[in-house]
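User: Could you walk me through this one? I'd like to go slowly and ask as we go.

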Amino acid sequence: MTRATTNRHRPGRTVGDRTSAGTTQPVTVTAARVVSPGHTSEFERWAGQMQQLVARFPGHLGSSLLRPGPGGNEYHLVYRFTDAAALEAWERSPERAEAVAGVQALVEDERYARADGLDSFFTVPPRSGPRWRMTALTVVAVFALSAVFQLMAGPLVGDWPWPLRSLLSAVFIVVSLGYVVMPRLTRWAGRWLRPAERSHPTAR
């Protein structure tokens, strides 16, 4: 589930302070910032520098800047890490603290939301590209995993009762999808999934 908290000009407190270093799931964090009138250009320059900075940290999987619609002033900086430990290392780093302190004069409000594990791959942020693309990618992944299961495990469990075969198939597909396949597919197909976003070469 997604958890959110709101910080207003409090750079010392981050969502990473509440993570467990033992978590091994991928983690996605969205930082929403309401930019003060007249500071849009400065903020976009800052956001670009922030993306370059976070890309240098171990465990970083990608970042994206989601811009507001016409008349809006709320930007969303989305970044993903391999696990909570990598996220915490980034959010406790002096580099991040310095960068976040530097943007406080440009924004009126800040909100942080975090998604762990499967949520980080199947929760599509606003304005992130057509939903059908993620759906198509997921269908392809499920089909491929189902075929692999039938070819490899089918002959071994063919005599099992069908509820057990179905359960084993479901466990194999869900675990493989969430922890192996989708993390790589969403990173490799990042530009196709989100054609309108500004992404770095490592973007998910």
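User: Is Arg33 buried or exposed here?

Analyst: In this predicted model, Arg33 has a relative accessible area of 2%, and because anything under 20% counts as buried, Arg33 is a buried residue.

User: Which side chain does Arg33 meet in a salt bridge?

Analyst: The partner is Glu110, and the two side chains meet in a salt bridge with an N to O distance of 3.3 Å. Glu110 lies in strand E5 while Arg33 lies in strand E2, so this pair ties together parts of the chain that are 77 residues apart in sequence.

User: And Glu110, buried or exposed?

Analyst: Glu110 counts as buried as well, since its relative accessibility is 1%.

User: How many salt bridges are there in total?

Analyst: The count comes to four. Among them is the pair formed by Glu74 and Arg111, whose side chains meet at 2.6 Å, N to O. This pair also links distant parts of the chain, with Glu74 in strand E4 and Arg111 in strand E5, 37 residues apart.

User: How accessible are Glu74 and Arg111?

Analyst: Glu74 counts as partly exposed, at 23% relative accessibility, and Arg111 is likewise partly exposed, at 31%.

User: What about Glu44, which side chain does it meet?

Analyst: Glu44 meets the side chain of Arg67 in a salt bridge, at 3.5 Å from N to O. Glu44 belongs to helix H1, whereas Arg67 sits in the loop between strand E3 (60–66) and E4, so the pair ties together parts that are 23 residues apart in sequence. Glu44 is partly exposed at 21% relative accessibility, and Arg67 is partly exposed too, with a relative accessible area of 29%.

User: Okay, switching to helices: why is H2 described as largely enclosed?

Analyst: Helix H2 covers residues 84–91, and six of its eight residues are buried, so the rest of the structure largely encloses this helix.

User: Which residues of H2 are the buried ones?

Analyst: They are Ala84, Ala86, Leu87, Glu88, Trp90 and Glu91.

Methods
Residues are numbered from 1 along each chain as its sequence is written. This is a predicted model: local features need pLDDT of at least 70, side-chain atom pairs count only at pLDDT 80 or more; totals for chains, interfaces and linings use all residues. Side-chain values use heavy atoms; hydrogens and water are left out. Buried means under 20% relative accessible area, exposed over 50%, partly exposed in between (1.4 Å probe, protein chains only). Helices (H or I, at least four residues) and strands (E, at least two) are DSSP runs, numbered from the N terminus.
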